[in-house]
Amino acid sequence: MEKMKVPSADRVKTLVPQLISDFFKIVVMLAFVFPFYWMFITAFKTYPESMQVPPTMWPTQWTLEGFYATFNSGLSIPRYMLNTVVVTASVICLQLVVMVPAAYAFAKRKFPLSGIAFGVVLVAFMIPQQLTYIPVYLMMADWRLINSLWPQILPLGADAFGIFMLRQSFKQVPDEIIESAKLDNASELQIMVQIMLPMCKSAMITIAMFSFIGTWNSYFWPLVMTNNDLYRPLTLAIERLRDAEVGIHWNTLMAGNCLLVVPILVVFVFASKKIIEGFTYRGVK
Amino acid sequence: MLDKTSEMRDLARRSRNRRWRGYAFSWLMILPAMAFLVLFVIYPVINMGNMSLYRGNATNPYKEFLALDNYHRLFFVKEDFYNALGNTGLYTVGALISVMVFSLLFAQWMYKKRKLNNIAQTVFFTPHLVAGVSAGFIWSWLMSSQSYGLFNTVLTAIGLPEVHWLDSSEMAMPSIIIMNTWKSIGYYALIILSSMKNIPDEIYEAARLDHASAPKTFFKITLPMISPQLFFLLITITTGSFKVFDSVRIMTNGGPGDSTRVLSMYIYDYAFQRNNTLGYACAAGMIMLLIMVIVTIIDFAFVEKKVHYQ
């Protein structure tokens, strides 16, 4: 008993490097979140304080000046926000409606040409937006849709990777369940809606989360698909904030940046486990 | 007798009908998705190939047929295409090395199942979720060359010379790589970590019995065992690097000079920002496509042979 209380030399030998490693790890973690911290406190600084030399690590005077300036910059920030929200919500809905039936058919039904069709999905998976936007823009211009939000929604209607991932989760539903439902005279539609969808809810939520993050953050696509501020999303507004004034007002810019970053961080705080699982799965498959 | 055969024929026809109805239903289910993919991904690429043979602009892409002249100009007349290619290559190599090395280190570092490591995974992953635009702005602010830029303040405080992070042609590209490494390490480390966890404990146990050192265990066991995953990351990071745009545009917009003008930005500039160079931009796009296809094939052909599969 007495002996147990005294840490043995062996234990010290493993404990000390462990402590050093932990300490170092915490330091690196702080370094990783530091840029976000810097964004937040800059957003709450006054303009003169944001340019003070040396910079202050904690605002001497908290102010919402930067946020006011964002909204009074001559840019219609609420409009940009609305566009981002509308586009993001539409993309999520459209993707689910388009991709779920396709993924289901690829996973659970045998039909001619399915191999070729799935090949198309795989090819599409490898082609990035940076290679399709020129013809797509011209197509949208042809259809007279450039002055609307459609060019930011329609081309994202089917995401090759999403189909791939949903198919994988549909495949995991055992065939016996479908067979027994068929014996009970359930129709195809009933099987899909009442059995498959609830069983693949988790995968669908993950897909929806990917589209949310991807669309909310998208910059390149709206940049090339819009000619008019009325239809631009928040990501482009932040860029305009930089160019709006002579000399960069970093406190205003960081305030605008907060509007873009905070919703994503909030979602992450509530669903970090799910998001990390989803992303890992996406990488591992 | 006659009755029976006709009945059977009837049955066969009915089951055939039902089968075709089933096929039709399947096709109907994949139709919307296929329509979207073909219309907005496959067809545009073919269309781009066609446009690359013309001189034109956004209102009239097919002004004048040039055959392969755009490609000729790309490689033999204009010098700036090689610069864009080189910058993309530089970025790719830099990102590949730094992201791979650090993700491996971080994954190894977070291997043990502990509370702190779970928190670390979440923390390191966070930057990956944030928009490239936001990350670009935050780092531009940190790297500002003004006297109030934080990095330079710190450097001055500890007696080092200031660095022109984003406004010198030597440092601009490394600065962008640093930012993107910060942004993506957490993600790639997670992928590596999850494949490390799939290595059976018995193998490590055997190594421990043989008194193998930690580095030896890492290089002789861990690394070979996760090589399929590393191979996947190699392709993802390489093809991903060819697409880099957002962070570059925000942080340097291709400058200073043309030192960070990467391929995607080069195409963007020629597509809509200049007169009658749409076809030229499309030709550059086709080259980018070609390179991505070649990289994928090479990766598959050469690396796969050396990769250890369980």
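Angles under 35 degrees count as roughly parallel, over 145 as roughly antiparallel, 65 to 115 as roughly perpendicular, and the rest as oblique. Axes are lines fitted to C-alpha atoms, for helices over the stretch in contact, and angles run from 0 to 180 degrees between N-to-C directions.

Colleagues, the model before us is a predicted one, in which local features need pLDDT of at least 70 and side-chain atom pairs count only at pLDDT 80 or more, while totals for chains, interfaces and linings use all residues. Residues are numbered from 1 along each chain as its sequence is written, and chains are lettered from A and ligands numbered from 1 in the order in which they are written.

I begin with a helix pair in chain A. Helices and strands here are DSSP runs numbered from the N terminus (helices H or I, at least four residues; strands E, at least two). Helix H9 (residues 160-171) and helix H12 (residues 201-217) of chain A pack with their axes 10 Å apart, at an angle of about 165°. H9(A) and H12(A) are therefore roughly antiparallel to each other. Gly162(A), Met165(A), Leu166(A) and Ser169(A) of H9(A) make the contact with Ala203(A), Ile207(A) and Phe210(A) of H12(A), where contact requires C-beta atoms, placed from the backbone, within 7 Å.

Next, the contact between the chains. Chain B contributes 64 residues and chain A 67 residues. On the side of chain B that touches chain A, the largest share, 19 residues, comes from H1(B). That side of chain B divides into 48 nonpolar, 14 polar and 2 charged residues; Ala, Val, Leu, Ile, Met, Phe, Trp, Tyr, Cys and Pro count as nonpolar, Asp, Glu, Lys and Arg as charged, and the others, Gly among them, as polar.

Which residues of H3(B) are buried? Among them are Phe81(B), Asn87(B), Tyr91(B), Val99(B) and Phe106(B). A residue is buried if 20 or more other C-beta atoms lie within 10 Å of its own, exposed if 12 or fewer, and partly exposed in between, with C-beta atoms placed from the backbone.

Finally, two loop residues. Asn185(A) has a positive phi of about 65° although it is not a glycine. Asn185(A) lies in the loop between helix H10 (175-183) and helix H11 (188-199) of chain A, and counts as exposed, with 7 C-beta neighbours inside 10 Å. In chain B, Ala67(B) is a residue other than glycine with a positive phi near 55°. Ala67(B) is placed in the loop between strand S2 (64-65) and helix H2 (69-77) of chain B; with 9 C-beta neighbours inside 10 Å, Ala67(B) counts as exposed.

Technical notes
Two residues are in contact if their C-beta atoms, placed from the backbone, lie within 7 Å.
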